[in-house]
Amino acid sequence: MIQKPVLPKNWVAVGFSQDLEKGQINIVIIEELELVIWRDHKGQAHAWDNRCPHRGTRLSLGFVRGNQLACLYHGWQFGGDGQCVYTPSIPDSTPPKSLKAHTHRCVEFLGLIWVAPLDFEHKDIRGLESHVRDSMDFQPVRSMIIYCSAENIFNRLASIPFPPSRIMSRRLRSISNMRLIRETESVFLWEDDENRTLASYQFREIQPDFVEFNCESEGTADVLLFALQKIDSQKTALHLLLAPENWSSDPISLKLAYAQWSKKLRNQLEQVF
Amino acid sequence: MTKTTDPVAINDWQVIGRIDDFLKGQPKQTRLLGQSLVAERHKNGDIKVHEISELGETLRSCPVQEKFGHVWTTLGKPKRELFDIPEFQQIDRKYVGCGGVMVKASALRVVENFLDIGHFPYVHTDFLGSEPLTEVKDYKAEIRIDVDEVWADDISFHQDKAMLSATGGKAVEYMYRVVSPFNTVLYKTCPEKPEEWDIIGLFAQPLEENLCRVYAFMLVFDSQNTETDLIHFQQMIFFQDIIILENQLPVGVPLYDGAERSIKADKTQLQFRKWLKQKGLQFGTDQET
């Protein structure tokens, strides 16, 4: 018998806030559990099992009607707390309190939408907040699917690409002979032939699957956040945020440089050894 | 998957196609309850059906009968005759077979959806219902022990375009009859002959737990529309249902308590589920973990 999937007991980022507009409905998968993510017209985001408690219909087929989510099948309407407030087949009756969608905790932080099970004890995302340098101005770079398990992503960090060329000087870009050295478990260095450090990466796990990453070269330190969403044993979504030491006069091309760098990262992680 | 071990599904008659689907000298391969079959019409006109192995070797032969425009077989020893639909004898009715449509769903979900009135305004908007006339008034639903069928009647629902022959919206009467777990017919107000019922039926061929081929048919009084137009209308309605049917989780119908919530309007489905549970049917159901 197949075990039914359940949410892991921690906060999982499922996408960028900016990608879910008012009235919009998305599907996300966390460890094989399919969720519907939707934003009501007040601006509040919600994360529920993607099935109506009535006949199991994917709620993502439905419509946001005001601050309620309506199922496509029978028009049942659910409030933001998951409570069913209207069953059109018996229009004059008030649905019982027990008639609810399967809801989860859903908050927004650092421009990401985070989901955790209702019974997760660290229900305050600010527990996470104190571990992130909140004075920094993080902005979304991109979300992408990597065909690789989350565990393997960490195991393969030694194949991480050199910093994006956009942030490097012409001198650095011209150096061809360099070596990647894993200094400690969480520190990587690139050195030239004369053992001079050209760039360094330092990783810090804030919580499982949420990693801060300092990228330093030529005295400039950019901070990246890796929020990993395990989809299944072979697929992981990576949501990448950037806070550079300073948002230069051209922030878009800086983000683009990291966006392209992240594609190199994905290519390397997807190499089959 | 491999042939089911569910004795209830095995020891019953199941549809495997329309009579016209099997032509002389053209053996056809199909699936039933997780088992591969080959069916061939011989020179004398009889259809022979055999189970075949993964490698295509012929295994045991299966009983066959041709009835209600369709071909029926069984993988076991049915305890009872194939059900009857007496209206097939009424020669003034127009018989329209709509053909087989593959649906990535449990055949039981297809039957349940067929028994459902509450979805009309939402899935078949402006045809079988529309807001704000969404109320399903109280009706009767029961398991008829003497005939071992599920019946629902005294149903009335406002429909904008109940049949292709209907003109204008009105209250339409319905009766439902489930003749076996994967086969069902409904009776609804006949726009052309108010003293008669129009009949629409579904024969679902359960290929796998999560896959079926659904043969819809009509037995109607309609002197205005061509067979093609009638088929198109019925297919449009059914394709609207498929959007729902292929998006239900879990795929199987859960027969255990607490998995899905029902309301007063779901009486027929509750009787249907109770009946399936009494029979001990497993194929196409969701098992509790």
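Reply: Happy to! Two residues are in contact here if their C-beta atoms, placed from the backbone, lie within 7 Å. Please keep in mind that this is a predicted model.

Let's begin with chain A and its two domains. The domain assignment gives domain 1 as 12–129 and domain 2 as 139–269. The C-alpha centres of these two domains of chain A are 33 Å apart. Where they meet, 14 residues of domain 1 of chain A are in contact with 14 residues of domain 2 of chain A. On the domain 1 side of this contact, β1 (12–16) and β2 (25–30) of chain A each provide at least two residues. The largest share of that side, five residues, belongs to β1(A). Sorted by class, the residues that domain 1 of chain A brings to the contact with domain 2 are nine nonpolar, three polar and two charged.

Now on to the contact between the chains. Here 20 residues of chain B are in contact with 21 residues of chain A. Helix α3 (residues 120–123) of chain B gives three residues, the largest share of the chain B side. That side of chain B holds nine nonpolar, seven polar and four charged residues.

Seven strands of chain B make up an open, antiparallel sheet, in the order β8-β14-β13-β12-β11-β10-β9. Its edges are β8 (94–103) and β9 (140–144) of chain B; each has a single partner strand, so one side of each has no neighbour in the sheet. On average, neighbouring strands of this sheet are turned by 20° against each other, direction ignored.

Within the sheet, have a look at β13 (residues 197–208) and β14 (residues 211–220) of chain B, which pair in the antiparallel sense over nine bridges. In this pairing, B:Leu202 is found opposite B:Ala216 in β14(B). Helix α4 (residues 227–245) of chain B packs on the sheet and touches β8 and β14 of chain B, with its direction at about 30° to that of β8(B). A further helix of chain B, α5 (residues 267–279), lies across β9, β10 (149–159) and β11 (170–180) of chain B, and runs at about 15° to β9(B).

How values were computed: Residues numbered from 1 in each chain as written. Chains lettered and ligands numbered in written order. Predicted model: local features only at pLDDT ≥ 70, side-chain atom pairs only at ≥ 80, totals over all residues. Pairing = 2+ DSSP bridges. Helix = DSSP H or I, 4+ residues; strand = E, 2+ residues; numbered from the N terminus. Axes fitted to C-alpha atoms, helices over the stretch in contact; angles between N-to-C directions. Nonpolar A, V, L, I, M, F, W, Y, C, P; charged D, E, K, R; others polar. Domains from an automatic or database assignment.
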